[in-house]
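Subject: Structure handover

Hi,

Here is the structure you were waiting for. Please open it alongside this note. My findings follow below.

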Amino acid sequence: MTHTAHDASINLLVIAAADERAAVMSARLSQAGMAIRAVRAATPTALRAAMREQPWDGCLYLQGETALSASAVLKAIHQQGLDIPCLI
């Protein structure tokens, strides 16, 4: 999804173990001029709940940060029938 300065914020699902790590990534993207609304998920249950919560513009997987594997995240997204770009 292409966003301009006049669009609403980018809804980013961040797969990370700690809120601090997700906040750092959101801050870096904000400093680059992006309006970010990030939500963190660290468990399979939290991931499923977040995917039902709202539409997502993207998913950022921070490798080694959670017990969730990248393949498990991709599988969960696919099972929900979602088309979300993922950065791993």
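Start with Arg40: at 30% relative accessibility it counts as partly exposed. Keep in mind that this is a predicted model.

**Salt bridges**

How many salt bridges does the structure hold? There are two.

Arg40 takes part in one of them, with Asp19 as its partner. Their closest N and O atoms are 2.5 Å apart. Asp19 belongs to helix 1 and Arg40 to strand 2 (residues 36-41), so this pair ties together parts that are 21 residues apart in sequence. Asp19 has 47% relative accessibility, so Asp19 counts as partly exposed too.

The other bridge joins Glu53 and Arg37. Here the closest N and O atoms are 3.6 Å apart. Glu53 sits in helix 2 (residues 44-53) and Arg37 in strand 2, so the pair links parts that are 16 residues apart in sequence.

**Helix 2**

Helix 2 also has a buried side. Which residues of helix 2 are buried? They are Leu47, Ala50 and Met51. These three cover an arc of only 100 degrees around the axis, so they lie on the same side of helix 2. That buried set packs against strand 1, strand 2 and helix 3 (70-79). On the face turned away from the buried side, helix 2 carries the exposed residues Thr45 and Arg52.

**The largest pocket**

Now the pocket. The largest one has a volume of about 210 Å³. It is lined by 13 residues. Closest to its centre are Leu12, Leu29, Gly58, Cys59 and Leu87. Which element gives the most? Strand 3 does, with three residues.

What is the lining made of? It divides into 11 nonpolar residues, one polar and one charged.

**Where to look**

- Asp19 with Arg40, the pair at 2.5 Å.
- Glu53 with Arg37, the pair at 3.6 Å.
- Leu47, Ala50 and Met51, buried in helix 2.
- The centre of the largest pocket, with Leu12 and Cys59 among the closest residues.

Best wishes

Technical notes:
Residues are numbered from 1 along each chain as its sequence is written. This is a predicted model: local features need pLDDT of at least 70, side-chain atom pairs count only at pLDDT 80 or more; totals for chains, interfaces and linings use all residues. Side-chain values use heavy atoms; hydrogens and water are left out. On a 1 Å grid over the protein atoms alone, a cavity is a set of points where a 1.4 Å probe fits but cannot get out, and a pocket is an open set with protein on both sides within 12 Å along at least five of seven lines; lining residues have an atom within 4 Å of a point. Grid points are joined across faces, edges and corners, and a volume is the space filled by probe spheres set on the points. Helices (H or I, at least four residues) and strands (E, at least two) are DSSP runs, numbered from the N terminus. Ala, Val, Leu, Ile, Met, Phe, Trp, Tyr, Cys and Pro count as nonpolar, Asp, Glu, Lys and Arg as charged, and the others, Gly among them, as polar. A salt bridge is a side-chain nitrogen of Lys or Arg within 4 Å of a carboxyl oxygen of Asp or Glu. Buried means under 20% relative accessible area, exposed over 50%, partly exposed in between (1.4 Å probe, protein chains only). The arc is that of the directions from the helix axis to the C-beta atoms. Contact means heavy atoms within 4.5 Å.
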